[in-house]
Amino acid sequence: MALNPSSKQLTAVKVAVFVLALLPFLRMAWLVAQGVPVEPLEFLTRGTGDWTLYMLCITLAVTPLRRLTGWNWVIKLRRMLGLFAFFYAFLHFVTFFWFDHFFDIAEMLKDVVKRPFITVGFIAFVLLIPLAATSTNAMIRRLGAKRWQWLHRLIYIIAPLGILHFWWMKAGKNDFQEPIIFGSIVALLLGLRVVWSVAKKSQAAART
């Protein structure tokens with residue numbers, strides 16, 4: 001892909017990314033409809049949770065990819081990728097709320113308070129809501145670019161909370177391989193931002 005793709009090329013990339021990001025959902029829905037999973041609840045809970053983390057990592061990877069490659073156009077994919085992260089998080093929450101608690105809000109809240117890994121996951125999901133709600137150009141204009149950017153830095157809190165949620169969930173099975181992989185990826189992506197921020201401040205101080 002060129003450093004500055006044409007409008008047609010960028011549209012084609014967006015369509016391709018949209019379809020690829022939607023395929024896991026379509027696959028899960030198809031398998032459940034066919035009765036393939038032995039435990040549909042566990043299958044949906046794990047699948048939607050995993051893909052929430054995948055999409056969060058991919059979203060966080062956009063800025064490092066742009067900086068390391070010079071492909072500035074990838075920034076135009078970040079909003080859609082972030083919305084897909086929310087989409088899978090919403091499906092993960094609905095699976096928990098519907099199949100685990102049959103839309104009983106009181107029982108759900110008891111479970112949220114009772115089990116720390118659910119508490120952390122619930123907080124991460126709640127924090128994702130304002131990010132999804134302010135993803136439009138109109139909301140950027142309404143909030144102002146600076147306030148919008150500060151709000152969307154919540155992703156730097158949400159991603160670690162998602163990892164912690166996954167870690168605690170896997171702790172019951174003494175299975176830490178996947179949480180360590182996800183945690184390492186998020187730590188690298190956030191660490192790069194810290195390094196670049198420090199370097200930028202140092203350069204600014206050197207010029208003054």
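Guide: Buried means under 20% relative accessible area, and exposed means over 50%. The model discussed here is predicted.

Visitor: Is Asp50 buried or exposed?
Guide: Asp50 sits in helix H2. Its relative accessible area is 10%. The cut-off for burial is under 20%, so Asp50 counts as buried.

Visitor: Which residues does Asp50 touch, beyond those up to four places away in sequence?
Guide: Asp50 belongs to helix H2. Residues up to four places away in sequence are not counted here. The residues that Asp50 then touches are Phe166, Glu178 and Phe182.

Visitor: Why does Gly49 count as buried?
Guide: Gly49 is placed in helix H2, residues 40-69. Burial requires a relative accessible area under 20%. Gly49 counts as buried because its relative accessibility is 16%.

Visitor: How far apart in space are Gly49 and Thr95?
Guide: In sequence, Gly49 and Thr95 are 46 residues apart. In space, taken from C-alpha to C-alpha, Gly49 and Thr95 are separated by 10.0 Å.

Visitor: Which residues does Thr59 contact, leaving aside neighbours within four places in sequence?
Guide: Thr59 also lies in helix H2. Its relative accessible area is 9%, so Thr59 is buried. With the sequence neighbours within four places set aside, the contacts of Thr59 are Arg78, Leu81 and Gly82.

Visitor: What percentage of contacts join residues at least 24 apart?
Guide: The protein has 208 residues, of which 35% count as buried. The contacts considered are between residues at least 6 apart in sequence. Of these, the part joining residues at least 24 apart is 65%.

Visitor: At what angle do the axes of H3 and H4 cross?
Guide: Helix H3 covers residues 75-100 and helix H4 covers residues 105-114. Their axes come within 9 Å. The crossing is right-handed. Its angle is roughly 115°.

Visitor: How do the residues of the contact of H3 with H4 divide by class?
Guide: H3 brings Phe93, Phe96 and Phe97. H4 meets them with Ile105, Met108, Asp111 and Val112. By class, the contact has six nonpolar, no polar and one charged.

Visitor: Which residues lie nearest the centre of the largest pocket?
Guide: The largest pocket holds about 1,100 Å³ of space. Its lining comprises 30 residues. Nearest its centre lie Thr63, Arg78, Arg153, Tyr156 and Arg193.

Visitor: Which element supplies the largest share of the lining of the largest pocket?
Guide: By class, this lining has 15 nonpolar, seven polar and eight charged residues. H2, H3, H5 (116-133), H7 (145-152), H8 (155-171) and H9 (177-207) each supply at least two residues. The largest share is eight residues, and it comes from H3.

Visitor: Which residues are closest to the centre of the second largest pocket?
Guide: The second largest pocket has a volume of about 800 Å³. It is lined by 30 residues. Closest to its centre are Thr45, His92, Phe117, His165 and Met169.

Visitor: Which element gives the largest share of the lining of the second largest pocket?
Guide: By class, the lining of the second largest pocket has 15 nonpolar, eight polar and seven charged residues. Two or more of its residues come from each of H2, H3, H5 and H8. The largest share, nine residues, comes from H2.

Conventions
Residues are numbered from 1 along each chain as its sequence is written. This is a predicted model: local features need pLDDT of at least 70, side-chain atom pairs count only at pLDDT 80 or more; totals for chains, interfaces and linings use all residues. Side-chain values use heavy atoms; hydrogens and water are left out. Helices (H or I, at least four residues) and strands (E, at least two) are DSSP runs, numbered from the N terminus. Buried means under 20% relative accessible area, exposed over 50%, partly exposed in between (1.4 Å probe, protein chains only). Axes are lines fitted to C-alpha atoms, for helices over the stretch in contact, and angles run from 0 to 180 degrees between N-to-C directions. A crossing is left-handed if the near helix is turned anticlockwise from the far one by less than a right angle, and right-handed if clockwise. Contact means heavy atoms within 4.5 Å. Ala, Val, Leu, Ile, Met, Phe, Trp, Tyr, Cys and Pro count as nonpolar, Asp, Glu, Lys and Arg as charged, and the others, Gly among them, as polar. On a 1 Å grid over the protein atoms alone, a cavity is a set of points where a 1.4 Å probe fits but cannot get out, and a pocket is an open set with protein on both sides within 12 Å along at least five of seven lines; lining residues have an atom within 4 Å of a point. Grid points are joined across faces, edges and corners, and a volume is the space filled by probe spheres set on the points.
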